[in-house]
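Subject: Handover of a structure

Dear colleague,

Please find the structure below, together with its sequence. My notes on it follow, and I would be grateful if you read them with the structure open.

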Amino acid sequence: MYRSLLVLICLFTLTACAPENQTAEAKNARFEVMKTDAQWRKDLSPEAFRVLRQHGTERAFTSLLNHQKAEGIYYCAACNHRLFSSHHKYDSGTGWPSFYKPIATHAVGTQPDNTLFTTRTEVHCARCGGHLGHVFEDGPKPTGLRYCMNGAALKFVKEPAPR
Ligand SMILES: [Zn+2]
């Protein structure tokens with residue numbers, strides 16, 4: 001009993017400190033693939049750099065990937081990390097490539113985004129930290145999620161994809 005109380009106190013202390021720790025962690029986030037801005041600028045197209053490295057948003061209905069219906073895998077345009085399967089893509093009508101889940105649980109990372117006078121959930125590549133888009137809770141079954149992605153942040157390759 002005493003022991004579980006102690007665990008509870010420890011948990012509470014950890015939770016109480018969490019927001020501060022998270023901020024520090026986000027600032028010093030270390031990803032498997034890390035480059036300087038100058039290097040990214042060299043390696044990416046101007047539009048991909050603006051989206052992936054500067055949290056930009058491409059204009060709606062401009063990505064050719066909106067109409068991509070073939071079987072394949074969507075990779076991170078910056079680091080080639082596997083992000084989404086064509087089997088989880090759907091037409092959300094928003095003008096951005098949309099998926100109801102990532103290809104694997106840890107393929108992407110998320111964090112709160114408080115810009116635009118609202119709280120949205122930002123989605124980034126788990127390998128390089130590149131900004132991909134946002135996730136909303138108005139997606140189709142079975143997850144009810146809508147991963148609203150910038151086509152400029154993705155690279156599509158026709159190949160057998162997991163269901
Ligand atoms: Zn990446």
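The strands concerned, β3 and β4 (residues 98-99), pair in the antiparallel sense over 2 bridges; strands count as paired if DSSP finds at least two bridges between them. Helices (H or I, at least four residues) and strands (E, at least two) are DSSP runs, numbered from the N terminus.

Two remarks on the source are needed here. The model is predicted, so that local features need pLDDT of at least 70 and side-chain atom pairs count only at pLDDT 80 or more, while totals for chains, interfaces and linings use all residues. Residues are numbered from 1 along each chain as its sequence is written.

Confidence and overall content

The predictor's confidence in each residue is given as pLDDT, from 0 to 100. The protein chain averages a pLDDT of 87, and 83% of the residues score at least 70. Over residues 5-25, however, pLDDT stays under 50, and the model has 0 contacts beyond four places in sequence for this stretch. A contact requires that the C-beta atoms of two residues, placed from the backbone, lie within 7 Å. Among contacts between residues at least 6 apart in sequence, 59% join residues at least 24 apart.

The protein chain holds 3 helices and 9 strands, in the sequence pattern α-α-α-β-β-β-β-β-β-β-β-β. Of its 163 residues, 29% count as buried. A residue is buried if 20 or more other C-beta atoms lie within 10 Å of its own, exposed if 12 or fewer, and partly exposed in between, with C-beta atoms placed from the backbone.

The sheet

An open sheet of 6 strands runs in the order β3-β4-β8-β7-β6-β5, with antiparallel pairing. β3 (89-90) and β5 stand at its edges with a single partner strand each, so one side of each is left without a neighbour in the sheet.

Aspartate 113 stands opposite arginine 120 in β6. The two strands form a hairpin with 6 residues between them, and leucine 116 in the turn has a positive phi of about 60°.

Backbone exceptions and loops

Most residues other than glycine have a negative phi, and most peptide bonds are trans. Which loop residues depart from this? Histidine 55 is partly exposed, because 15 other C-beta atoms lie within 10 Å. Asparagine 80 has a positive phi near 65° and is found in the loop between β1 and β2 (82-85). With 14 C-beta neighbours inside 10 Å, asparagine 80 also counts as partly exposed.

A cis peptide bond, with omega about 5°, joins lysine 141 and proline 142. Proline 142 lies in the loop between β7 (131-136) and β8 (146-149).

Finally, is histidine 67 buried or exposed? Histidine 67 is exposed, because 9 other C-beta atoms lie within 10 Å. Its place is in the loop between α3 (46-54) and β1 (72-76). The C-alpha atoms of histidine 67 and proline 97 are separated by 8.3 Å, although these residues are 30 apart along the chain.

With kind regards
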